[in-house]
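Reader: I have some things to ask about this one. Can you put it up before we start?

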There are 2 protein chains.
Amino acid sequence: MLSPNGRTVASERTDSTVSGISEVARRAGVSKSTASRALGSTGYVSDDTRERVARAAAELGYVPSTSAVSLATGRTKNIGVVMPYLNRWFFAEVLEGIQEALLEHGLDLTLYDANPGSEGRARIFDDYLARKRFDGLIAVGLEPDHRELERLVAIGRPIVSVVGSGETTTLVAIDEEDAARRATEHLLALGHERIAFLGGRPDQHWAQVDRRRLGGYTSAMEDAGLGAGIRHIHSDVTLPGGYAAAVNVLGDLRERPTAVVATCDEVAIGAIIAARRLGVQVPSALSVIGIDDHEYAEMFSLTTLKQDPRAQGRAAVDLVLAHLQDPHRPHSIVRQRATMVVRSSTAPLAPDRSAAVTDARA
Amino acid sequence: MLSPNGRTVASERTDSTVSGISEVARRAGVSKSTASRALGSTGYVSDDTRERVARAAAELGYVPSTSAVSLATGRTKNIGVVMPYLNRWFFAEVLEGIQEALLEHGLDLTLYDANPGSEGRARIFDDYLARKRFDGLIAVGLEPDHRELERLVAIGRPIVSVVGSGETTTLVAIDEEDAARRATEHLLALGHERIAFLGGRPDQHWAQVDRRRLGGYTSAMEDAGLGAGIRHIHSDVTLPGGYAAAVNVLGDLRERPTAVVATCDEVAIGAIIAARRLGVQVPSALSVIGIDDHEYAEMFSLTTLKQDPRAQGRAAVDLVLAHLQDPHRPHSIVRQRATMVVRSSTAPLAPDRSAAVTDARA
DNA sequence: CCCGTGTCGGGAACCGTTCCCACACACGGT
DNA sequence: ACCGTGTGTGGGAACGGTTCCCGACACGGG
């Protein structure tokens, strides 16, 4: 019993071998090394042999073994992507942008879903990333804690963050604080004073970005002399979260704000849906502004600060590649500019304040 | 010029080498092979040596090189996942389910985003998948055409499909037709007769699933003797798509249906939002039922046939693993049952038909 | 006392590439 | 005629593991 079970694996190995470079070489009548040179674009090879080898390879349907190539070259031709969520608009878009860009460069993408709560997250940092199955890493909205960040840099591969803090790694992101400030200023310019901020709970994972956006809102309010009116309403950073939070806020007639800055479009849209349900007219009784320009933003006529997550993903790929090419390239921060898209979820403060506060329902 | 540029790669290779198994062996005072056996759980190794080797490995922070292991064993410990979209609820959920399950098995996941329209899709099938960087493949809602399917099987690795047709591969999915039939029957049982189906354009990619669901709706209608009332309204299979389609349908007062079967919850929710905007009360003037039990379903009180995409993802992983273990395992079809979740987007047909048709607005 | 049998360990082959190096040859300049 | 120099090619050693095969040793039974 407990035999060293050699044969099984050996046979599998054998039949999985389809055709190696040596067969290509034989068929082309050259040596392995010449064949390798001919297929790669490096080194001296006569046009004639190159041609012959190429034909032989094509005829045999030769595809180089990635593991062998990686072993020999030290490059995996693969980029790792770590993100905490997949089913949120922003993350999915960034991922698609990354994927697109990698595809153009002939690189593969292996995905690590490091959900904050899960115990899987620890395993990813401790075991999975340490395997270094990639040449470089892109961390999207990861917000790693101290220990995690340590692990990350210990990998010794280029890292680019999308969203988050860029002190230890190269970063691509919009200026969160600026975006929220501009959103708030838009409402201020429309005459609003009772402006609330709808955003994530401070203890939640999305915390860092949210905090920055909250900061932008806060300073805009203070600059307008409305420091006393600052109001931060906790909300899950999801559409239902925005809905639930807005239902609470709008239910209280006396304290109801006339305008809301949402931390992102999902929350903003949730708020709009809540307002409609409660019969609060948007924008006449309530102005709502978000950040993102979400897929659904147009459908809800949402005024928002548009960012382009796909482009951020693409930029991240370019940066990883740059670091790969020049290992001594210093960290950098690439800021993408959010642009205001004015639709009709925001409007000047209704002249008759009480009318706005009154329930519009019959 | 055009030097054989050897040194660059060589130096990179050298410094990337951190600590190999031979160093572990040396430190533990054993040979490479013994170290390998001790770390793997195979073969005869005394508990003492195993212990010593383990300690040495831990001290050196030894992590085996995936490429070397793959090369030697023929296994990549990696599963490929191909899907056409990432930013739709169903796909993201399946992906998370897959990821979770793979994590438990110590497997990596490389992602291929084969967007139907894109020219990248062809490259994925021709180049990327052919590289076989994975032991098995999971195709989610791929709906490959003939040529693509050919490529897929030519890879010679186990393939499991989630959603789609399961003739050539193992499949896990719900019974689409049955789900749509039950959704329709639910409305029929409530007394509705003017029931429309809101689904994808037949020329679109989601076509196969949509067609099956349409088929379920159709046969339920026919069985109820309402074959003449069958009405298929084309809609993009997205929330805004459902919204736009519903706006059209509901605009026509005379032809307005009293109930709608949506091909999925996103479309259903779009329809509900449209109805609300147009002042059509749900469910009193319009019943809406979907399929999915989307993240937002509860918030919209949507009655739906719940499926569990995460579980489907997990099941797909189990199946790939089973195929990996037994290469001669025959294809199979794993059907997951959709369960009806009744909320309040459906209600009995209002007794006064004209009242329902009248615009509820003041 | 000798010989299996059960444990343990080491040498070496192998996985499929890349790359370094040696070598062969043609060519033009001296 | 001779020697670079520029091309083209082949041999073989890495790369970092796993696994096969064989030898060594201890132990107990015949």
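Author: One term first: a residue is buried if 20 or more other C-beta atoms lie within 10 Å of its own, exposed if 12 or fewer, and partly exposed in between, with C-beta atoms placed from the backbone. This is a predicted model, where local features need pLDDT of at least 70 and side-chain atom pairs count only at pLDDT 80 or more, while totals for chains, interfaces and linings use all residues. Residues are numbered from 1 along each chain as its sequence is written, and chains are lettered from A and ligands numbered from 1 in the order in which they are written.

Reader: Fine. Is K77(A) buried, exposed or partly exposed?

Author: K77(A) is partly exposed, because 17 other C-beta atoms lie within 10 Å. Its phi is near 55°, a positive value in a residue other than glycine. K77(A) sits in the loop between α5 and β1 (78-83) of chain A. Helices (H or I, at least four residues) and strands (E, at least two) are DSSP runs, numbered from the N terminus.

Reader: And D293(B), buried or exposed?

Author: D293(B) is buried, because it has 23 other C-beta atoms within 10 Å. Its phi is positive too, about 65°, although D293(B) is not a glycine. Its place is the loop between β9 and β10 of chain B.

Reader: Which peptide bonds are cis?

Author: In chain A, a cis bond joins V282(A) and P283(A), with omega about 10°. P283(A) is in the loop between α12 (265-277) and β9 (287-292) of chain A. In chain B, the bond from V282(B) to P283(B) is cis, with omega near 10°. Most residues other than glycine have a negative phi, and most peptide bonds are trans.

Reader: Now the sheet in chain B. What is the strand order?

Author: The order is β7-β6-β8-β9-β10-β12 (chain B), an open sheet of 6 strands with mixed pairing. Two strands pair if DSSP finds at least two bridges between them. β7 (232-234) and β12 (339-341) of chain B are at the edges with a single partner strand each, so one side of each has no neighbour in the sheet. The twist averages 20° from one strand to the next; axes are lines fitted to C-alpha atoms, for helices over the stretch in contact, and angles run from 0 to 180 degrees between N-to-C directions.

Reader: How do β10 and β12 of chain B pair?

Author: In the antiparallel sense, over 3 bridges. L305(B) has M340(B) in β12(B) as its bridge partner. Helix α9 (residues 176-189) of chain B packs on the sheet and touches β6 (195-199), β8 (259-262), β9 (287-292), β10 and β12 of chain B, its direction making about 160° with that of β9(B). Here, two residues are in contact if their C-beta atoms, placed from the backbone, lie within 7 Å.

Reader: What does V261(B) contact?

Author: Leaving aside neighbours within four places in sequence, its contacts include A180(B), L187(B), F197(B) and I289(B). V261(B) is also among the residues with the most contacts inside the largest nonpolar core, which has 182 residues. Such a core is a set of buried Ala, Val, Leu, Ile, Met, Phe, Trp, Tyr and Cys residues joined through C-beta atoms within 7 Å.

Reader: Last topic: how many residues of chain A are in contact with chain B?

Author: 43 residues of chain A, in contact with 45 residues of chain B. α6(A) gives the largest share of the chain A side, 8 residues.
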